[in-house]
Amino acid sequence: MGVLMSRRQTVERVQKVSLAVSAFKDGLREQPSTRRRAEAGTARQGTLEQEVQEGEEEALAGPSQPEESSASKAAWERLRDGRGVEPEEFERANRFTPPAFIRPKRELHDDEAPDISLEQREQIVNDEMCEICEVWTAESLFPCRICHRVYHDGCLRRMGYLQKDSAVEVTETAHTETGWSCYYCDNLNLLLTEEEMYSLMETLRNCKIIPGVCLTLDDFLHYKHQVHKQQFERTMPEAQEEQAALQFNALDPDKKGHIEWQDFLSHESIQLLQKIRPQNALLRLLTPKERERARTAFLALDQDNDGFIGEAECRQARHTWFRKHQKEMLSCNVSISHVGPISEGSPASSRNGKSPEKILPATKQEETSIDWPGFLRENVAYILAARPNSAALHLQPLA
């Protein structure tokens, strides 16, 4: 219990400091406008021409914006802090305080190519104690399929990260090949630095996107058109609009007619990472578990063991990173579920009764060969985009 209280007190202290810093920043932003209003109030004795000029400037500036509601401010704060659930949104009784996430910072060596060897396999070791309560209870701990953390289902419930609908899913998948992503890895938005997050928030504000609200196809396309016009100062081509519509369908696998806010946010976060960071920096985000699954995938595709695979095989790998919740895949000889492609020789990869072994040699001869580093660079964004537990495809691979 002493460990529990110490951990809770530390988290609460970090949250208080974060809130104080946020309030200080908000105060700095409000000072210039307050000073201007005070100066305007003492200088109302100007000439008629000055009053007319002030009126014209106000007309050009448009009507004054109403003050944001407390709910809207809270939504933007959650977005900034990377939190999906606020303590006020559920009963406090028997609840732990959700953590105040600390966003990563870019390092000087991030853009240098990391040394990820194909031959040297990595030993995967999970934590022994629950990330939340720091207590060891052996088999009752649920491991994350992305990182080294493990959790008790009871601790996840008390944190508000495990609801009734998701409890069964976690129990069924955490110890299977499909796996389960913890609340750190499930949220792609937490990969953004503070500067990148403010850039994304500014884009969302300019496009009138409300945090926490689902988006229809019209909303999604309108947003994509606005972003394209702001970036390139021209209308988005029809081909890109069709690609955006395909991405919407990928984010709405259940055909509900709208995409969930968290799926939209994950999609925009990975898109921003692709635009801002070089591939070497993205490769450094991969965890040992993801790197090891990538090795398994590459070795399964490199059936002649020459260190190269065909371009078509690499393209197919981009699609199969996202295979989720398919129980029939667990019986395949070589399969790494939705975080890695199926072997071309596995039963699940055969189509229309054709033997895949007959077409592989021709494919490798006709197309450009790709080595292990190239395979990682081509697939790193899709590996990261496959982290969330959602069935949505947060980065639709090109055909």
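Predicted model: local features only at pLDDT ≥ 70, side-chain atom pairs only at ≥ 80, totals over all residues.
The structure holds 13 salt bridges, and the protein chain is built with 14 helices and six strands.

**The chain as a whole**

- The protein chain has 399 residues, and 40% of them are buried.
- Among contacts with a separation of 6 or more, 72% are between residues 24 or more positions apart.
- Helices and strands are both present, with 14 of the former and six of the latter.

**Salt bridges within one helix**

- Asp153 and Arg157 make a salt bridge through their side chains, at 3.2 Å from N to O.
- These two residues sit in helix α4, which covers residues 153-159, and because they are four residues apart there, about one helical turn separates Asp153 from Arg157.
- Asp153 is partly exposed, at a relative accessible area of 27%, and Arg157 also counts as partly exposed, at 36%.
- In helix α12, Arg315 and Glu311 are likewise four residues apart, about one turn of the helix.
- Arg315 and Glu311 form a salt bridge in which the closest N and O atoms are 3.7 Å apart.
- Arg315 is partly exposed with a relative accessibility of 29%, and Glu311 is partly exposed with a relative accessible area of 30%.

- The side chains of Arg277 and Glu196 meet in a salt bridge, with 2.9 Å from N to O.
- This pair links distant parts of the chain, 81 residues apart: Arg277 is in the loop between α9 (261-276) and α10 (279-283), and Glu196 is in helix α6 (residues 194-206).
- Are these two partners buried or exposed? Arg277 counts as buried, at 7% relative accessibility, and Glu196 is buried too, with a relative accessible area of 5%.
- The cut-off behind that label is a relative accessible area under 20%.

**How α6 packs with α9**

- Two packed helices are described by the angle between their axes and the distance between the axes.
- For α6 and α9, the angle is about 120 degrees and the axes are 11 Å apart.
- The two helices α6 and α9 are therefore oblique to each other, and α6 passes α9 in a right-handed crossing.
- On the α6 side, Glu196, Leu200 and Leu204 take part; they meet Trp261, Phe264, Leu265, Glu268, Ser269, Leu272, Leu273 and Ile276 in α9.
- Sorted by class, the residues of this contact of α6 with α9 are eight nonpolar, one polar and two charged.
- Glu196 has a part in two of these stories: Glu196 belongs to the contact of α6 with α9, and its side chain meets that of Arg277 in a salt bridge.

**How α12 packs with α14**

- Helix α12 spans residues 311-320 and helix α14 spans residues 372-385; they pack at an angle of about 20 degrees, and their axes are 9 Å apart.
- Angles under 35 degrees count as roughly parallel, and α12 and α14 are therefore roughly parallel to each other.
- The crossing of α12 and α14 is right-handed.
- Which residues in α12 and α14 meet? Cys314, Ala317 and Arg318 in α12 meet Phe375, Glu378, Asn379 and Tyr382 in α14.
- By class, the contact of α12 with α14 has four nonpolar, one polar and two charged residues.

- Trp76 is part of helix α3, which runs over residues 70-81, and Trp76 is buried, with a relative accessible area of 7%.
- Between Trp76 and Arg205 there are 129 residues of separation in sequence, while in space they are 9.6 Å apart, C-alpha to C-alpha.
- Thr178 lies in the loop between α5 (164-173) and α6, and Thr178 is buried at a relative accessible area of 7%.
- Thr178 and Arg145 are 33 residues apart in sequence, and their C-alpha atoms are 8.1 Å apart in space.

Terms used
Residues numbered from 1 in each chain as written. Heavy atoms only, no water. Axes fitted to C-alpha atoms, helices over the stretch in contact; angles between N-to-C directions. Parallel < 35°, antiparallel > 145°, perpendicular 65-115°, else oblique. Left-handed = near helix turned anticlockwise from the far one by under 90°. Contact = heavy atoms within 4.5 Å. Nonpolar A, V, L, I, M, F, W, Y, C, P; charged D, E, K, R; others polar. Salt bridge = Lys/Arg side-chain N within 4 Å of Asp/Glu carboxyl O. Buried < 20%, exposed > 50% of the residue type's maximum accessible area, 1.4 Å probe, protein only.
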